[in-house]
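Me: Hi, I've got a model open here and would like to walk through it with you. Can you take my questions as they come?

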Amino acid sequence: MRVVSLVPSLTEAVAASAPGVLVGATDWCSHPADLHVARIGGTKNPDVGRVVALAPDLVIANEEENRAPDIAALRAAGLEVLVTEVRDVAQAFRELSRVLRAGGGPARPHWLAEAEEAWAAPAPPGRRTAVVPVWRRPWMVLGRDTFAGDVLARLGVHQVYSRHPERYPRMAVEDLLAAGPDLVVLPDEPYRFTAGDGPEAFPGLPCALVSGRHLTWYGPSLAEAPRVLGGALRAAGR
């Protein structure tokens, strides 16, 4: 089995579960750190010719991270492309099992069993509201039907724009402040928010700087995400 992954979190999942099957991954596939495979460009601009030249049995993609024209071009070249859709934690578990089975690995490796157990716990009591920027210049935030939004909800944090018509609406920072959140959650990807780039836009509000990998990736990081994110959220509320 030869697999090319166009999704960083799925790259990590396949590498951890079926060592040796990956032959190509995007430039953004940073985990595992010792992954040595052909690099085929970005998630939004993969080199279709390079992917085809690798002669994979399967290409793994995602309907949000990858563009429909690239997926169509790969299929037109005769490649099998498995396209995932992940909008919440439960769906992530189902899609991970589907990807791993298709890629020649176990449908429920140990890390996936650990992740399912970690996320089986009920949400903590009480609920805080948050705005969750994912980009700056312009400001963009989590809206409806997002995996990251469901992750936060399961940790007792309700993001303010969960019923917005758009999944990633552009908002003026004045509107974010006027929404009256209890908390601002600032991940380090896709935009790399830091202590010196982000919190200053929200004076007087606690800001949680969190790992984007734990907030937005669906793979082995899911097993530790409740602990890592929960700690960062609690620290911001002190």
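Reply: Happy to! Let's begin with a strand pair: β6 and β10 run parallel and are joined by two bridges. Strands (E, at least two residues) and helices (H or I, at least four) are DSSP runs numbered from the N terminus, and two strands pair if DSSP finds at least two bridges between them. Keep in mind that this is a predicted model, where local features need pLDDT of at least 70, side-chain atom pairs count only at pLDDT 80 or more, and totals for chains, interfaces and linings use all residues. Residues are numbered from 1 along each chain as its sequence is written, and side-chain values use heavy atoms, leaving out hydrogens and water.

Me: Thanks! What stands opposite V131 in β10?

Reply: That's V184. On the β11 side, V184 stands opposite C207, and β10 and β11 pair in the parallel sense over four bridges.

Me: Why is β10 called largely enclosed?

Reply: Because five of its five residues are buried, where buried means under 20% relative accessible area, exposed over 50% and partly exposed in between (1.4 Å probe, protein chains only). L183, V185 and P187 point one way, while V184 and L186 point the other way.

Me: In what order do the strands of that open sheet run?

Reply: The order is β9-β6-β10-β11, four strands with parallel pairing. β9 (157–159) and β11 (207–210) are at the edges with a single partner strand each, so one side of each has no neighbour in the sheet. From one strand to the next, the twist averages 35 degrees.

Me: And which helix packs on the sheet there, touching β11?

Reply: Helix α9 (residues 225–236), which touches β6, β9, β10 (183–187) and β11. Its direction makes about 155 degrees with that of β11. Axes are lines fitted to C-alpha atoms, for helices over the stretch in contact, and angles run from 0 to 180 degrees between N-to-C directions. Contact means heavy atoms within 4.5 Å.

Me: How many bridges join β6 to β9?

Reply: Three, again with the strands running parallel. In that pair, R128 stands opposite V157 in β9.

Me: Switching over to α6. How many of its residues are buried?

Reply: Six of the eight in helix α6 (residues 147–154), so the rest of the structure largely encloses it. The buried ones are F147, A148, G149, D150, V151 and L152. Their cover includes α4, β9, α8 (212–216) and α9. Just past the helix, G156 takes a positive phi of about 85 degrees.

Me: At what angle do α4 and α6 pack?

Reply: About 120 degrees, with the axes 8 Å apart. They are therefore oblique to each other; under 35 degrees counts as roughly parallel, over 145 as roughly antiparallel, 65 to 115 as roughly perpendicular and the rest as oblique. V89, A90 and A92 of α4 meet F147, D150, V151 and R154 of α6. By class, that contact has five nonpolar, no polar and two charged residues. Here Ala, Val, Leu, Ile, Met, Phe, Trp, Tyr, Cys and Pro count as nonpolar, Asp, Glu, Lys and Arg as charged, and the others, Gly among them, as polar.

Me: How do the axes of α1 and α4 cross?

Reply: The axes of α1 (residues 8–17) and α4 come within 10 Å and cross at roughly 55 degrees, which makes α1 oblique to α4. L10, A13, V14 and S17 of α1 make the contact with L96, V99 and L100 of α4. By class, six residues there are nonpolar, one is polar and none is charged.

Me: Last topic, the other sheet! In what order do its five strands come?

Reply: They run β3-β2-β1-β4-β5 in an open sheet with parallel pairing. The edge strands, β3 (38–39) and β5 (81–84), each pair on one side only. Within the sheet, β1 (residues 3–5) and β4 (residues 58–62) pair over three bridges, with S5 opposite I60.

Me: And which strands does α1 lie across?

Reply: β1, β2 (22–25), β4 and β5, with α1 running at about 165 degrees to β2. α4 packs on the sheet too, touching β4 and β5, and its direction makes about 170 degrees with that of β5.
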